[in-house]
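Please look at the sequence and the structure as I put them on the screen.

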Amino acid sequence: GDMSNKTIIIPKYIDGSFNRNIYHTGKLTLKFSSYTPNSIGMNLNNQYNCSYGYITVENCETSFFGKSVFGTSWDVFHSKNALKGFVLNPLASQSAGSACTSLIGSVYVDGAKFGIEVTNVMYSNIDGYVQGYYQAPVAGTDLAIALHIINGCQSTRFKLGGIEPTAHTFK
């Protein structure tokens, strides 16, 4: 059915394993009732040729997680109240490839210890912001805080902002 402009409560993450040709428009909220350790809000996993509207994920350990993601666009991926906001790691186990390519979209992160962490992203255009890390569910621990961690990315335009003074790591 049409999921645009709906809010749903989900008991566990949405598994996007090896998905292709997904087209979503409008707004969708994936929400755990409270912060849930060891959870993934939207698991992009390995996917290609997908398009999403404005998707908000709340109260997860990791709001958005992808392994090998390519040929995918989105209007906004919005993370709220997470340990990690937006993570792309094609070097993770069971990844279909070693990079994420041809991605276009905005990432908004409100309240995360690690805002945006991407590895081996190529030929892409990602913008957005990270704010409110002090509101993250694990803010009282001794974990280091990083708004943006960018590893091994080439031919990609990042236009990312951060509200609070903290470390930005580029490798």
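Ser124 touches Cys100, Thr101, Ser102, Leu103, Ser155, Thr156 and Arg157, leaving aside residues up to four places away in sequence, where contact means heavy atoms within 4.5 Å. This is a predicted model, in which local features need pLDDT of at least 70, side-chain atom pairs count only at pLDDT 80 or more, and totals for chains, interfaces and linings use all residues. Residues are numbered from 1 along each chain as its sequence is written, and side-chain values use heavy atoms, with hydrogens and water left out.

Ser124 sits in the loop between strand 6 (121-122) and strand 7, strands being DSSP runs of E with at least two residues, numbered from the N terminus. Is Ser124 buried or exposed? With a relative accessibility of 7%, Ser124 counts as buried, since buried means under 20% relative accessible area, calculated with a 1.4 Å probe on protein chains only.

Leu103 is 21 residues from Ser124 in sequence, yet their C-alpha atoms are 4.6 Å apart in space. A polar atom of the Ser124 side chain lies 2.9 Å from the backbone nitrogen of Leu103, and a polar atom of that side chain also lies 2.8 Å from the backbone oxygen of Met122.

Leu103 brings us to Leu88, which touches Leu103 and, among others, Gly66, Val69, Cys100 and Val121.

Finally, Asn45 lies in strand 4 (residues 27-88) and is buried, at 9% relative accessible area.

Terms used
Helix = DSSP H or I, 4+ residues; strand = E, 2+ residues; numbered from the N terminus. Buried < 20%, exposed > 50% of the residue type's maximum accessible area, 1.4 Å probe, protein only. Polar contact = N/O pair within 3.5 Å; in protein donor to acceptor, adjacent residues only side chain to side chain.
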